[in-house]
Amino acid sequence: MNIFKNNYVSTICILIILIIGLNSNSAFAKQYRVAIIPFKINAEKDMTFLKDGVFDMLSSRLSSGEDVKIVGRQETEKVVKTVEGILNEGKAREVGAKLEANYVLFGSLTIFGDSVSIDSKMVDVTGDRETLAFFNQSRGIGEVIPKINNFAGEINEKVFGRVVPSKELPAKQQPQPERTDNIYAHPETLVQSFDDYKIAGESSDLNPAFIVTQSKKHSREFWKSKNFRELINGIALGDVDSDGKVETVIITPDSVHIYRFENNRLSEIMKIDKDKYKVFIGVDVADINNNGYPEIFITSLNPQRNVINSIVFEYDGKNYNRIVDSGAWYYRVAELPGRGSVLFGQKQKTGGPDTFSSEIFEMAWNNTEYVPDRKVMPSNRANLMGFSLGDVMNDGGETVVAYDKSDYIRIINQSGRVLWTGNIHYGGSTHYYEMPAFEPGSDNRQYYPMRMIVTDIDLDGKYEVIAVKNYDLTGRLLKQLRKFKEAQIESLSWNGLGLTTNWKTAKISGYIRDFAIGDFDNDGEDEIVAAVISKSGSIIGTRPKSSVISYDLKKTAP
C-alpha cells in the first residue's frame with residue numbers, strides 16, 4: 001500500500017512538473033539583455049522627437065518581462081560616452097560588454113527632403129551569431145514607423161525565436177483643408193500627417209522634386225544610397241563591360257569602383273586597384289576607340305597636385321587594363337546630337353595665371369593613344385573640367401558653355417568670343433590644382449570648375465544646360481578656403497537674352513561633387529545622379545561621408 005501511495009505521489013509530481021513546463025516555455029529560458037543605443041539622426045532640422053520616438057518604439061516592441069530586458073537608456077548613453085571612436089560593430093560589442101548585455105542595437109536615420117534612409121544593426125556581443133543588418137529607403141517620415149516596426153518583428157523572429165503580433169498603426173485619412181499638425185509629436189502619430197502634409201508651391205512635370213517657383217516644396221521622387229565612408233571625387237554612367245546594362249563608375253581620390261543598381265541599391269561588381277601616386281579628380285565613360293567596350297577616362301594629378309597624370313581603363317572581357325597611363329591631358333566627354341559621344345582634351349600650360357586653360361581639342365584614337373583632332377577653343381578661355389559643347393542657344397549650332405574663374409557661366413563661340421556671361425555663381429568644386437606658393441609654407445590653390453551638361457532633358461526639342469550650385473559658407477570671399485553647406489541642381493535655357501532657370505531641385509544638405517545623366521537603374525528612363533559629400537573628413541579625427549542620390553526623369557516626347 002505504501003509502495004502504491006509513493007508511486008502515486010511521484011506520478012502526480014511528474015505530471016505537475018510537465019504541466020508547468022508545457023504552460024510556461026520560458027520558465028527556465030535564458031533572459032536576454034538588449035542595449036538600444038539611440039539612433040543617430042542626420043538631418044538639417046532638429047529631429048530629437050524622432051530619435052526619442054524610435055527608441056521608445058523599439059524598446060516596447062522588443063521588451064518582454066520573461067525573456068528580453070531592455071537596458072535603461074540613461075545607463076546605455078552613459079557607457080556609450082566612455083567608448084572612443086566611431087560607433088561600429090566592434091564599438092557596439094565594447095558597449096555591450098560593459099553593460100553586460102547580450103545584444104546591442106544601433107543605427108542611423110538620414111533625412112534628405114522627404115527621403116529617409118534607415119540603416120541599423122543588431123549585434124551579438126559575443127560575436128558567435130551573425131549581425132542582423134537592416135537598410136531601407138523610405139519616402140516620407142510617415143513611412144519610417146512601419147519600417148521600424150517591421151525590423152523589430154524581424155529581430156523578434158530571427159534573434160529571439162518568437163512571433164509578436166504587430167501593433168496597429170494609425171490608418172491614413174483624407175487630408176483636411178487646414179492642418180495643425182504637431183511635427184514634434186511621437187513618430188507613431190505622424191504616419192498620417194507626414195504622408196499627407198503639403199507645402200504650397202509649383203513643381204515641374206518632369207519630376208515633382210524640381211521646383212519651378214522659389215517655393216520650398218520637397219519631393220519624394222528620388223533615391224539615396226547608403227553612406228560611403230570615403231570621398232567620392234567623381235561619378236559617370238556607362239555600359240563599361242558591354243553586358244547591356246549601365247554601370248555606375250565612382251572614383252575616390254585613389255581608386256575606381258564599378259557599381260550596378262540592383263534590388264534598389266548599388267552593388268559593387270569591381271574595384272580597380274588603388275594608385276597611391278595619383279589623385280583622381282574626374283571621370284567620364286565613352287567608347288571613343290569604337291571597339292565595343294567603353295573606356296573609363298580618369299583625369300588625375302600627381303600627389304603634389306601640380307602635374308596632370310591621367311589614366312584610361314578599358315575592359316577586355318576579363319580585366320580592366322590601362323590603355324593610357326600618365327597621360328598629360330584633362331579629359332571630358334560630351335554627347336552631341338547626330339555625333340554621339342565626343343572626347344575633349346586639354347593640356348596643362350606651363351606657368352602663368354592661366355596654367356590650366358590652354359587650347360581645347362576634340363580627341364581621336366590612333367591605335368596607341370588619344371591625340372588632338374580638331375581645336376574647338378583657343379587658350380585662356382576655359383578649363384575643360386567645367387566645359388561642355390552643344391546647341392546651347394537652340395539655333396542648330398554647336399556653342400561652348402563654360403565657367404570663368406569666378407564660377408560665372410559663360411557662352412562662348414568656337415572662335416573664342418564670349419557671347420554672354422551670367423551674374424550668379426554656379427558650380428563650386430573643391431578639387432584644386434596647387435600653384436607655386438607666393439611665400440614658403442603658404443597655399444596657392446587654383447580651384448577647378450564643376451561639370452556642366454548640355455542636353456534635351458525633357459525631349460521637347462530644346463536643349464538645356466544642367467548645372468550645380470553649391471552654396472559657400474564664406475560667400476567665396478576666401479579664395480583659398482571653400483566650405484559648402486548645401487546644394488541644388490538647376491536646369492537653365494537660352495531665352496534670347498541669357499540663360500534663365502527652368503527648374504531646380506530642392507536644396508540638399510552638404511555639397512555636390514559631381515553628377516551624371518543616364519539610365520542609372522536600367523529601367524529604360526534617364527535619371528540625374530549626383531555624388532553628395534556630407535562630411536569631407538578634412539578635420540583631424542573625422543572621417544569623410546559621401547552618398548549617391550538619383551532623381552527620376554519622366555520624359556515624354558513632343
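Rings of Phe, Tyr and Trp (its six-membered ring) pair if their centres lie within 6.5 Å; planes under 30 degrees apart count as stacked, over 60 as edge-to-face and the rest as tilted. The model shown is predicted: local features need pLDDT of at least 70, side-chain atom pairs count only at pLDDT 80 or more, and totals for chains, interfaces and linings use all residues. Residues are numbered from 1 along each chain as its sequence is written, and side-chain values use heavy atoms, with hydrogens and water left out.

**View A. An aromatic cluster.** F297, Y331, W365 and Y370 form one cluster of aromatic residues. The whole structure holds 20 aromatic pairs.

**View B. Tyrosine pairs around Y315.** Y293 and Y315 pair edge-to-face, with 5.9 Å between centres and 70° between planes. Y293 lies in the loop between β13 and β14 (295-301), and Y315 in strand β15 (residues 310-315), so the pair ties together parts that are 22 residues apart in sequence. Strands (E, at least two residues) and helices (H or I, at least four) are DSSP runs, numbered from the N terminus. Y293 is partly exposed at 25% relative accessibility, whereas Y315 is buried at 16%. Buried means under 20% relative accessible area, exposed over 50%, and partly exposed in between (1.4 Å probe, protein chains only). Y315 also pairs with Y320: the centres are 4.6 Å apart and the planes at 40°, so this pair is tilted. Y320 is buried, as is Y315.

View C. R73 and E77 form a salt bridge, with the closest N and O atoms 3.2 Å apart. A salt bridge here is a side-chain nitrogen of Lys or Arg within 4 Å of a carboxyl oxygen of Asp or Glu. The two residues are 4 apart in helix α3 (residues 73-80), which separates them by about one helical turn. R73 is partly exposed at 22% relative accessibility. E77 is partly exposed at 29%.

**View D. Salt bridges between separate segments.** D275 and R322 meet in a salt bridge at 3.0 Å, N to O. D275 lies in the loop between β12 (265-272) and β13, and R322 in strand β16 (residues 320-327), so the pair ties together parts that are 47 residues apart in sequence. D275 is buried at 8% relative accessibility; R322 is partly exposed at 36%. E362 and R374 meet at 2.7 Å, N to O, in another salt bridge. E362 lies in strand β19 (residues 360-365) and R374 in strand β20 (residues 370-377), so this pair ties together parts that are 12 residues apart in sequence. Salt bridges with shared partners join D241, D243, E247, R260 and E262 into one network. The search of the whole structure finds 22 salt bridges.

**View E. Charges over rings.** The charged end of K226 sits over the ring of F135, 5.7 Å from its centre. R305 lies over the face of Y432, 4.3 Å from the ring centre. The rule asks for NZ of Lys or CZ of Arg within 6 Å of the ring centre and within 35 degrees of the ring normal.

**View F. The largest cavity.** The largest cavity is lined by 13 residues, of which I281, R332, H431, P449 and R513 lie nearest its centre. On a 1 Å grid over the protein atoms alone, a cavity is a set of points where a 1.4 Å probe fits but cannot get out; lining residues have an atom within 4 Å of a point. β13 (279-286) and β32 (511-518) each supply at least two lining residues.

How values were computed: On a 1 Å grid over the protein atoms alone, a cavity is a set of points where a 1.4 Å probe fits but cannot get out, and a pocket is an open set with protein on both sides within 12 Å along at least five of seven lines; lining residues have an atom within 4 Å of a point.
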